[in-house]
Amino acid sequence: SASSVSSIVTSSLTPSATVTDQFKGRIVIFDKDTTTGALRGQATDITSSTSGGVLTVTALTTAPVSGDTFVIQ
């Protein structure tokens, strides 16, 4: 919850976030069966991340909701 089109609040990352910008420069790709239909297959780059796992991304078309799943490549 509390995610927006440019900020993804995570609840479970593997590996877990431990330092600022740990995931900067990586790509988020939403799963084909994620909760929010408009995000299925959508990808965006991570422009920064917090040690608590909040990802700042280039704007998505729709804000993620609780239950949405993705991979970081």
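Colleague: What percentage of the 73 residues in the chain is made up of buried residues?

Modeller: Buried residues make up 30% of the 73 residues in the chain, where buried means under 20% relative accessible area, exposed over 50%, and partly exposed in between, with a 1.4 Å probe and protein chains only. This is a predicted model, in which local features need pLDDT of at least 70 and side-chain atom pairs count only at pLDDT 80 or more, while totals for chains, interfaces and linings use all residues. Residues are numbered from 1 along each chain as its sequence is written, and side-chain values use heavy atoms, with hydrogens and water left out.

Colleague: Which secondary structure elements does the chain have, from the N terminus on?

Modeller: Helices (H or I, at least four residues) and strands (E, at least two) are DSSP runs, numbered from the N terminus. In this chain there are 0 helices and 5 strands, so the order, by that definition, reads β-β-β-β-β.

Colleague: How do I read the radius of gyration of the chain against that of a compact globule?

Modeller: The radius is taken over C-alpha atoms, and the globule rule is 2.2 Å times the number of residues to the power 0.38. For 73 residues a compact globule would have a radius of gyration near 11 Å, and the chain agrees, with 11 Å. Along the principal axes, the C-alpha atoms fill a box of roughly 30 × 20 × 20 Å.

Colleague: Which residues make up the largest nonpolar core?

Modeller: In soluble globular proteins, nonpolar side chains tend to be buried together. A nonpolar core here is a set of buried Ala, Val, Leu, Ile, Met, Phe, Trp, Tyr and Cys residues joined through side-chain atoms within 4.5 Å. The largest one has 11 residues in all, namely Ile-8, Leu-13, Ala-17, Phe-23, Val-28, Phe-30, Leu-39, Ile-46, Leu-55, Val-57 and Leu-60. To this core β2 and β4 (54-57) each supply at least two residues.

Colleague: Which residues does Ile-46 touch, not counting residues up to four places away in sequence?

Modeller: Contact means heavy atoms within 4.5 Å. With residues up to four places away left out, Ile-46 touches Phe-23, Lys-24, Gly-25, Arg-26, Val-28, Leu-55, Thr-56, Val-57 and Ile-72. For the chain, 59% of the contacts between residues at least 6 apart in sequence join residues at least 24 apart.

Colleague: Where is Thr-34 found, and is this residue buried or exposed?

Modeller: Thr-34 sits in the loop between β2 and β3 (43-49), and counts as buried because its relative accessibility is 0%. Its C-alpha lies 4.9 Å from that of Asp-68, although the two are 34 residues apart in sequence. Beyond four places in sequence, Thr-34 touches Leu-39, Arg-40, Gly-67, Asp-68 and Thr-69.

Colleague: Where is Ser-3 found, and what does Ser-3 contact?

Modeller: Ser-3 belongs to the segment before β1 and is buried, with a relative accessible area of 18%. Setting aside neighbours within four places in sequence, Ser-3 contacts Ile-8, Val-9, Ala-63 and Pro-64. From Ser-3 to Pro-64 the separation is 61 residues in sequence and 6.0 Å in space, C-alpha to C-alpha.

Colleague: Which peptide bond is cis, and what is the phi of Asp-21?

Modeller: The bond from Thr-14 to Pro-15 is cis, with omega near 0 degrees, and Pro-15 lies in the loop between β1 (7-9) and β2 (27-30). Asp-21 is also found in the loop between β1 and β2; its phi is near 65 degrees, a positive value in a residue other than glycine. At 32% relative accessibility, Asp-21 counts as partly exposed.
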